Structures are given as structure tokens and as C-alpha cells.
Amino acid sequence: MEFSIKSGSPEKQRTACVVVGVFEPRRLTLAGDLIDRISNDYLSDIIRRGDMEGKLGSTLLLHNVPHTLCDRVLLVGLGKERDFKDQEFRKAVQSSIKTLNETGSMEAVMYLTELHVRRRDMDWKIEQTVLMAMESVYRFDRLKSKQEEVRRPLRKLTLSVSRRNELAAGEEAVRRSQAIAQGVNLAKDLGNLPANICTPAYLAEQAVGLGKTLNLKVEVLEQQDMEKLGMGALLSVAKGSRQPAKFIVLHYPGGDKKHKPVVLVGKGITFDAGGISLKPAADMDEMKYDMSGAASVLGTMKAVAQLQLPISVVGIIPACENLPDGAANKPGDVVTSMSGQTIEVLNTDAEGRLILCDALTYAERFEPEAVIDIATLTGACVIALGHHANGLFSNDDALARELLQAGEYAHDRAWQLPLWDDYQEQLKSNFADMANIGGRPAGSITAACFLSRFAKKYTWAHLDIAGTAWKSGKEKGATGRPVPLLTQFLVRRAQEIKQKAEG
Ligand code: BES
Ligand code: MN
Ligand code: ZN
């Protein structure tokens with residue numbers, strides 16, 4: 001989809017559709033008023049007759065509004081003006097885009113971006129609109145033999161700003177939003193691909209491909225390399241599969257030498273059958289999404305590199321399958337991690353932490369500014385937070401706060417859960433330094449506690465995205481989360497680095 005920024009009167013737009021808002025009860029916005037005036041009260045007449053009351057998310061499509069230069073005017077309800085906040089803005093934009101996609105207009109000029117949204121600036125309005133529009137046209141149909149034709153989808157969306165001096169900043173915001181949207185789409189595509197296509201080797205190829213187009217340095221460590229490094233926990237999971245494990249490292253050297261990198265670590269289990277602790281059959285297909293953490297690392301690296309952010313980022317992806325097999329981990333097996341700590345594998349289905357712990361140890365070599373791991377780690381997180389919030393854990397409150405704020409801004413929200421030492425006891429093993437499970441109570445927290453034992457040497461946060469990375473049911477599919485959160489976090493960090501450098 002194409003996006004542009006414009007400033008100018010709605011009644012003068014030569015376009016298929018002009019989108020303007022109506023507050024409840026029956027009050028036109030500034031753009032609506034301008035059209036109303038030129039059309040001799042055409043809009044206020046309609047509103048007076050009760051066909052558009054301004055209820056949030058309602059729409060009314062009008063044709064041939066007198067004296068305008070556009071084919072259509074789409075009225076969108078905004079709800080009560082004093083309740084109009086970020087969520088209401090999103091809802092109004094979402095329903096206008098839905099109507100545009102379902103009716104004849106293939107291009108439109110949107111005036112909702114001129115509305116005042118409490119505590120949000122123009123960049124935010126543009127970013128949200130671009131991301132919602134891209135979301136509305138995303139399809140994953142490359143594996144169908146016939147692509148479904150969408151009837152007259154939206155092709156070009158122009159966003160209006162109130163003043164000419166906002167045009168340049170608006171265009172910059174569009175550029176940034178499109179980079180994020182492309183990162184989101186990459187994460188969605190990888191998540192949606194089935195495990196017979198999206199193997200560890202496929203993820204490695206994708207990383208190498210990204211490296212070529214975006215000038216990233218990419219290394220792929222093979223089994224022997226991992227053996228040499230002593231990654232016994234990761235390799236114990238991989239040995240139950242015929243697909244060779246890959247350990248993928250991407251470098252985006254955006255910062256100057258004196259700045260240490262932010263390291264992103266993504267869980268790359270391309271299929272999780274549970275291993276010998278086999279999962280039930282129902283919905284097991286959804287475990288192809290168990291590499292969504294890895295996908296979000298690739299998506300974020302893509303966005304960051306496209307934006308040329310002045311910050312160094314390293315992406316680490318431990319990738320393998322978790323399957324039952326004669327060579328697979330058995331409950332009770334004891335494995336030695338790269339850190340030297342030994343782990344009793346009481347449940348082979350708690351495999352994410354086994355591959356992540358070695359990746360976290362590997363991350364030490366970058367002397368990172370911060371390490372963030374992203375993983376579809378626990379079903380318990382879905383029970384705790386549902387599908388709306390990413391679970392957030394951190395050994396550093398300032399880092400946690402930054403991530404919470406980034407998620408809030410990007411509408412990719414996270415909620416922090418405790419990492420208190422009290423929970424560590426649940427990981428006690430009689431036979432090794434720790435067990436890989438902590439029992440039913442607080443399953444997401446004990447999983448994070450396990451990881452924290454491998455993240456002692458740096459500032460670290462863990463995002464459990466089991467509930468947010470994909471949707472099940474009728475709209476089954478990957479969401480691309482938390483690429484928006486991570487990109488926003490890095491954009492902010494880059495801004496801070498730049499501000500400090502400028503004194
Ligand atoms: N990949 C799963 C977590 C998961 C489950 C994500 C459901 C999304 C939906 C993970 O590897 C896993 O199996 N976790 C176990 C841990 C348990 C054995 C302690 C779980 O959550 O059941
Ligand atoms: Mn599992
Ligand atoms: Zn898993």
C-alpha cells in the first residue's frame with residue numbers, strides 16, 4: 001500500500017473518498033464542517049435526520065456530496081469528544097479502513113489524523129494509522145494454489161496534517177511506520193509458514209538473505225560449533241530431531257564503537273511437539289508458531305536496519321525442533337549448559353528455556369548494554385494475561401520501565417510480573433543444579449526465574465509472548481508482535497544516544 005501526507009481543505013480533494021469524523025452527539029469535526037459549508041448543509045441535514053449520530057466506530061458512506069471534488073465522503077463516528085483518547089482514535093481509524101476495503105474506494109484522504117488525541121503527537125497518529133492499514137491488507141496465501149481476489153482493496157491512503165510546516169515531519173513518520181510494518185510482515189510470514197518449510201535451516205537462510213539486502217553481518221553456527229562452545233542444553237533439545245540445529249547471529253553495527261550493543265535473543269523452536277513429554281494432539285499445529293520470538297528478532301532487525309538507527313543491535317537465534325525420538329531428551333536426563341550449570345530435564349516440553357539459557361550465556365561476549373529475550377515460553381502466560389499483554393520480567397527496573405513505555409506507545413503492550421527470589425526455590429532439583437520446571441504454580445514466573453540464572457552478568461529482560469504472537473480460532477495467524485514494541489524501544493534508545501552526543 002502507498003501512503004502520503006498532505007495538508008489542504010477536504011472539500012478540494014480530488015479523490016475517491018474523503019474520510020471525516022463526527023463526534024457524539026451529532027457534531028461535525030473541523031474537516032466535516034468545511035464540507036458541510038460548501039455543500040450547503042448536506043452533512044448537517046443527514047446528521048439531523050439521525051443517519052449518523054457519531055457513535056464510536058459507526059460509518060456512513062455518502063456519494064456525490066454537492067460542490068466537493070471527491071467521489072465519496074465517509075463519515076466516521078468518534079464517540080464523545082471528551083472521551084476521545086488513543087483507543088478511540090484507533091477504533092475510528094480501524095472502522096474507516098474496514099469500510100474503505102469493503103466498498104469501492106481504492107484510494108482515500110483521511111482527515112482523522114488531524115484530530116487532537118490526548119497525550120499523543122502527530123507521529124503517533126500516523127504510525128498507528130499506517131500499521132492498522134497495513135494490517136488490514138495483510139494476507140498469507142502463498143501456499144494456496146489460487147490467490148483469493150480481494151474486491152477493490154485500499155491501495156493508496158493519504159493522511160492529512162493541519163499545517164504545511166508539519167508535512168516534512170509527517171513524511172518522516174510515514175517512512176518510519178512503513179519500516180515497522182515491513183518488520184511486522186516479515187515476522188508474520190515466518191510465523192505463518194508451516195514447520196516443514198520454516199525449519200532451522202530456513203530461518204538461517206532468511207537471516208543470511210536479510211544480511212545481504214540490508215548490509216548486516218550474519219554468522220550461522222553449526223552443530224560442531226555449538227559442541228565446541230559447550231551448549232549442552234540447546235543440543236540436548238536438538239538431538240531428538242532430524243533437522244540440524246542452527247545458531248544464528250546477526251550484527252547491525254549502527255552505533256559508534258564506544259556504545260555497546262543491545263542484544264535481542266529469540267526462541268526459534270520451529271516445531272514444538274513437546275518431545276518425550278508429548279503434547280496432546282488438539283491444536284498441536286499451533287506449535288509451528290514456537291519460533292515467533294526468532295521471527296520478531298528478524299523483523300525488528302529488518303526495521304532497525306531500514307531506518308538506519310544509530311544504535312548497535314545484535315540478534316541471536318537458537319533454532320531447532322522439539323520432537324519425540326529415540327535420541328531425544330528423556331525426563332530425568334541431566335544436561336550441562338554452556339554456563340557450566342547442570343539441569344535436570346524433568347519435562348522435555350519445557351525446551352524453550354533449555355535453548356535460551358545457552359544463547360543467554362553466549363550473549364555475554366558482546367558486553368551488552370542490555371539483553372532482551374523474546375519467547376513463546378509458557379502456556380501459563382496465556383492463562384495469566386490472555387492475548388493482549390506480553391509478559392515482562394526483568395532484573396532491572398529502569399529497563400522494565402522503558403519496555404513498558406515502548407509497548408504503551410506502540411500499542412503492543414506488556415505487563416510486568418515479579419521475579420522475586422522466593423520463586424527460585426521451585427526450581428530445586430535433587431540431582432542437578434536446577435530442574436527445568438517449577439511445578440504448576442506461577443509457571444511463567446518460574447520459567448523466567450530459570451532464565452534469570454543465566455543472565456546475571458548484564459541488564460536483562462524477558463518477554464513471554466505465548467499469548468500475543470498469534471491468534472487462534474477463525475482468524476488463526478501470526479500477529480507480528482512484539483516487533484512494534486521492540487522497534488519503538490530501539491528508536492527511543494537511538495534518540496537518547498543522539499541527544500547525549502549532541503550535548
Ligand atoms: N512453546 C510452549 C509454550 C506455549 C504453550 C506457547 C501454549 C503457546 C501456547 C513451551 O515450550 C511449553 O511447552 N511450555 C510448557 C512448560 C511446562 C512443561 C512447564 C507449558 O507451558 O505447558
Ligand atoms: Mn514446549
Ligand atoms: Zn516451546
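Take the sulfur of Cys357: which residue holds the closest cysteine sulfur, and what is the distance between the two?

A: One caution: this is a predicted model. The closest cysteine sulfur to that of Cys357 belongs to Cys320, 11 Å away. That is too far for a bond, because a disulfide needs the two sulfur atoms within 2.5 Å. The structure as a whole holds zero disulfides. Both side chains sit in buried residues. Cys357 has a relative accessible area of 0%, and Cys320 also counts as buried, at 0%.

Next, the zinc ion (ligand 3). Its protein donors are Lys267 through NZ, Asp272 and Asp290 through OD, and Glu351 through OE. Six donor atoms surround the zinc ion, with angles of 78 to 175 degrees, so the arrangement is octahedral. For reference, ideal angles for six octahedral donors are 90 or 180 degrees. Along the sequence, the donor residues follow the spacing K-x4-D-x17-D-x60-E. Asp290 sits between strand 11 (268-272) and helix 9 (292-307), while Glu351 sits between strand 14 (342-345) and helix 10 (352-363). The pair therefore ties together parts that are 61 residues apart in sequence. Both are buried: Asp290 at 2% relative accessibility, Glu351 with a relative accessible area of 1%. The manganese ion (ligand 2) is 3.2 Å from the zinc ion (ligand 3), and Asp272 coordinates both.

Last, helix 1, which spans residues 30-38. Its buried residues include Ala31, Gly32, Ile35 and Asp36. These cover an arc of only 140 degrees around the axis, so they fall on the same side of helix 1. What do the buried residues of helix 1 pack against? Their partners are strand 2 (17-24), strand 3 (27-28), helix 2 (42-48) and strand 5 (72-80). Now turn to the face of helix 1 that points away from its buried side. Leu30 and Arg37 are the exposed residues there. Just after helix 1 comes Asn40, with a positive phi of about 55 degrees.

Technical notes
Residues numbered from 1 in each chain as written. Chains lettered and ligands numbered in written order. Predicted model: local features only at pLDDT ≥ 70, side-chain atom pairs only at ≥ 80, totals over all residues. Heavy atoms only, no water. Donors = N, O, S within 2.8 Å, 3.2 Å for Na, K, Ca; no water. Tetrahedral: all angles 85-135°; square planar, octahedral: opposite > 155°, others 65-115°. Helix = DSSP H or I, 4+ residues; strand = E, 2+ residues; numbered from the N terminus. Buried < 20%, exposed > 50% of the residue type's maximum accessible area, 1.4 Å probe, protein only. Arc of directions from axis to C-beta. Contact = heavy atoms within 4.5 Å.
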